[in-house]
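Here's a walk through a ligand shell and the strands and helices behind it. Have a look at the model first, then read on.

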Amino acid sequence: MEHKIIVVGIGPGHPDYLIPRAAAAIREASYLVGSQRALDTFAGPDATLRRIDGDLDSLFTDIATALKNSDVVVMVSGDPGFYSLQPALKARFGAEYELKVIPGLSSIQIAFAHHGLVWQDAELLSVHGRELALEKWQYRSGRKVAFLTDATMHAAAIAEHLLAMQWPTDAEVFLGRNLSYEHEEKKCCILQEATKMEGWQHCVMIVIG
Ligand SMILES: C[S@@+](CC[C@H](N)C(=O)[O-])C[C@H]1O[C@@H](n2cnc3c(N)ncnc32)[C@H](O)[C@@H]1O
């Protein structure tokens with residue numbers, strides 16, 4: 001119980017979007033975990049670095065070893081409370097170690113802001129490596145849905161799926177990718193056009209029916 005895990009939300013990726021408290025935790029980390037991109041962007045010179053790869057068992061074994069000697073800082077993209085490693089860390093280590101969470105700006109928040117849309121009335125969903133229950137796809141007039149996407153369930157695939165669920169062809173679509181980076185892109189179109197959008201894999205897709 002002596003040491004703790006600090007889960008830090010790094011926001012959408014660019015350091016300008018990192019909150020100062022998160023920056024301090026990363027700066028002070030002696031054992032720092034994150035994606036290669038996060039480590040390249042945020043790691044200081046003194047921390048021991050552990051890259052997150054596909055092998056969670058081995059990652060958790062390394063974290064357990066590190067916790068014997070120090071706190072462990074785990075960087076996750078966006079906000080830890082929205083589709084991140086946080087629940088798995090809590091399930092594995094929560095009984096033994098304190099888990100402290102530092103929030104970050106979710107890619108969803110950035111996408112809504114960039115398109116000048118509010119999200120208080122939106123349903124926030126993820127098809128990033130997960131399937132949605134059928135009712136989540138259903139059409140209802142005025143429904144506003146935001147999706148986190150991935151390489152399989154990319155924007156075009158989601159658009160196809162929604163059309164098959166009777167969403168109108170002219171439903172409004174707002175896309176954002178590489179948000180916060182120099183090469184970020186945003187696009188607005190209708191649902192029918194979104195079926196032809198290539199390359200919109202890891203992005204935020206907002207659909208208003
Ligand atoms: C594992 S989820 C993590 C979500 C994260 N916790 C959040 O709050 O944004 C990864 C997905 O988030 C979205 N995402 C994360 N960063 C992004 C960015 N900079 N631009 C666009 N989408 C992003 C993409 O849909 C990506 O596939």
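Domain 1 (4-102) and domain 2 (107-208) both contribute residues to the shell around the ligand, so the ligand shell lies between them; the domain bounds come from an automatic or database domain assignment. Keep in mind that this is a predicted model: local features need pLDDT of at least 70, side-chain atom pairs count only at pLDDT 80 or more, and totals for chains, interfaces and linings use all residues. Residues are numbered from 1 along each chain as its sequence is written.

**The shell**

Among the 24 residues around the ligand, P12, G78, S106, S107 and L179 come nearest. Here, near means that the C-beta atom, placed from the backbone, lies within 6 Å of the molecule. Sorted by class, the shell has nine nonpolar, twelve polar and three charged residues. Nonpolar covers Ala, Val, Leu, Ile, Met, Phe, Trp, Tyr, Cys and Pro, charged covers Asp, Glu, Lys and Arg, and the others, Gly among them, count as polar. At least two shell residues each come from α5 (107-114), β8 (172-177) and β10 (203-208). Helices (H or I, at least four residues) and strands (E, at least two) are DSSP runs numbered from the N terminus.

**Around β4**

Strand β4 (residues 72-76) is mostly covered, with five of its five residues buried, that is, with 20 or more other C-beta atoms within 10 Å of their own, C-beta atoms being placed from the backbone. V72, V74 and V76 point one way from β4, while V73 and M75 point the other way. Strand β1 (residues 4-9) pairs with β4 in the parallel sense over five bridges, and G9 sits opposite V76. Strand β2 (residues 31-34) also runs parallel to β4, joined by two bridges; V33 has V74 as its bridge partner. Pairing takes at least two DSSP bridges between two strands.

**The five-stranded sheet**

Five strands make an open sheet in the order β6-β7-β10-β8-β9, with mixed pairing. Its edge strands are β6 (123-126) and β9 (185-190), each pairing on one side only. β8 and β9 run antiparallel, joined by six bridges, and F174 stands opposite C188 in β9.

| Helix | Strands touched | Angle with β10 |
|---|---|---|
| α5 | β6, β7 (144-148), β8, β9 and β10 | about 55° |
| α6 (residues 155-164) | β7, β8 and β10 | about 25° |

Contact means C-beta atoms, placed from the backbone, within 7 Å. Axes are lines fitted to C-alpha atoms, for helices over the stretch in contact, and angles run from 0 to 180 degrees between N-to-C directions.

Notes
A residue is buried if 20 or more other C-beta atoms lie within 10 Å of its own, exposed if 12 or fewer, and partly exposed in between; C-beta atoms are placed from the backbone. Two residues are in contact if their C-beta atoms, placed from the backbone, lie within 7 Å.
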